[in-house]
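Hi everyone, thanks for making time for this. Please have a look at the structure first, and then I'll walk you through it.

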Amino acid sequence: MSDATKLEAKAKLDAIRNKIGYPENWRDYSTLTVKRDDYLGNVERSQSFERARNYAKLGKPVDEKEWTMTPPTVNAYYSPPNNDINFPAGILQPPFFDNSKDPAVNFGGIGTVIGHEMTHGFDDQGSKYDPKGNVRPWFTAEDRAKFTERTDCEVKEYDGFKVAEGQNLNGKLTLGENTADNGGIRIAFQALEASLTQQGAAAEPGYVDGKRDGYTAQQRFFITFGQLWCQNQTEQNARVLAKTDPHSTGEWRAKGTVQNFDEFGKAFGCKAGQPMMLVNSCRVW
């Protein structure tokens with residue numbers, strides 16, 4: 001980035017609002033009737049309730065404190081128009097966050113999710129919005145051209161990841177999420193390293209000679225990251241999602257990300273040229 005674009009990026013980063021746990025104003029569901037023995041009716045009434053709730057917003061100022069996820073939801077999101085990151089209480093629990101674990105585990109878990117959502121503000125779509133959530137070009141023309149060149153390389157890389165026989169990922173469809181995965185892990189790892197430097201790795205509870213349960217802090221970070229994406233998936237489901245889901249499959253959210261990150265190879269003693277430390281991989285980052 002040029003200095004001019006960096007200033008704009010810094011302004012946007014500083015303006016990001018953090019929404020953690022639950023909204024300030026709770027949604028009133030008192031007019032919604034839910035019956036145990038009426039599934040179809042519950043669906044219809046819920047849709048009518050939500051439609052009426054949205055219609056009631058017409059002509060009124062945008063409620064910037066509103067959430068689009070419920071507090072128990074195990075997920076998180078970045079909103080470009082609001083320039084905010086949202087982490088419901090549902091995701092602030094294992095395997096993403098565990099207050100009884102060491103920082104390496106939590107940085108590898110919820111830390112990478114936080115970094116992921118932050119990066120969305122600067123991916124192929126989020127980068128089109130300014131700090132106030134308006135669609136406005138804030139990259140210089142030269143920086144945008146370089147950005148497109150690098151993301152095109154990322155598209156080609158993920159196009160080559162196989163999810164089933166004869167079926168690969170769609171690098172263009174998954175570009176934003178792949179960018180956020182790759183950016184998020186770097187942000188979280190930098191935060192871990194800063195924490196270890198500040199506190200002293202030797203002071204970490206449970207560590208003996210730089211290791212806990214036989215692993216270094218860096219290794220525990222990557223192990224936790226990999227565990228986030230454990231899943232069972234049929235071949236048929238993998239084929240469908242490869243054509244419809246903007247997220248890569250769990251396998252490639254883990255493997256694709258760490259093979260682009262040299263710190264993973266260093267942590268586990270991989271050598272340049274091995275599958276998880278490719279010399280000729282797309283160096284978007």
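Let's start with the sheet: it is open, has three strands, and runs in the order β1-β3-β2 with mixed pairing. By pairing I mean that DSSP finds at least two bridges between two strands. The names follow DSSP runs numbered from the N terminus, with helices being H or I runs of at least four residues and strands being E runs of at least two. At the edges stand β1 (17-21) and β2 (77-79), and each has a single partner strand, so one side of each has no neighbour in the sheet. From one strand to the next, the twist averages 20 degrees.

A quick word on what you are looking at: this is a predicted model, where local features need pLDDT of at least 70, side-chain atom pairs count only at pLDDT 80 or more, and totals for chains, interfaces and linings use all residues. Residues are numbered from 1 along each chain as its sequence is written, and side-chain values use heavy atoms, with hydrogens and water left out.

Back to the strands. β1 and β3 pair in the parallel sense, over five bridges. Arg17 has Asp84 in β3 as its bridge partner. Helix α3 packs on this sheet and touches β2 and β3, and its direction makes about 150 degrees with that of β3. Such axes are lines fitted to C-alpha atoms, for helices over the stretch in contact, and angles run from 0 to 180 degrees between N-to-C directions; contact itself means heavy atoms within 4.5 Å.

Now, which residue forms a salt bridge with Asp84? That is Lys19, with the closest N and O atoms 2.9 Å apart. The two sit in distant parts of the chain, Lys19 in strand β1 and Asp84 in strand β3, 65 residues apart. For a salt bridge, a side-chain nitrogen of Lys or Arg lies within 4 Å of a carboxyl oxygen of Asp or Glu. Both Lys19 and Asp84 are buried, where buried means under 20% relative accessible area, exposed over 50%, and partly exposed in between, with a 1.4 Å probe and protein chains only.

Arg17 makes a salt bridge too, with Glu64, at 3.1 Å from N to O. Arg17 is in strand β1 and Glu64 in the loop between α2 (39-55) and β2, so this pair ties together parts 47 residues apart in sequence. Arg17 is partly exposed at 31% relative accessibility, and Glu64 is partly exposed at 44%. Across the whole structure, a search finds 20 salt bridges.

Next, the inside. A nonpolar core is a set of buried Ala, Val, Leu, Ile, Met, Phe, Trp, Tyr and Cys residues joined through side-chain atoms within 4.5 Å. The largest one has 25 residues, and Ile91, Val113, Ile185, Phe221 and Phe222 touch the most other members. At least two residues of this core come from each of β3 (84-88), α3 (103-120), α5 (175-199), α6 (217-228) and α9 (262-267). Apart from it lies another core, of eight residues, including Phe161 and Trp252.

Finally, some backbone details. The peptide bond from Pro94 to Pro95 is cis, with omega near 5 degrees, and Pro95 is in the loop between β3 and α3. In the loop between α5 and α6 you'll find Asp209, a residue other than glycine with a positive phi, near 55 degrees. At 77% relative accessibility, Asp209 is exposed.
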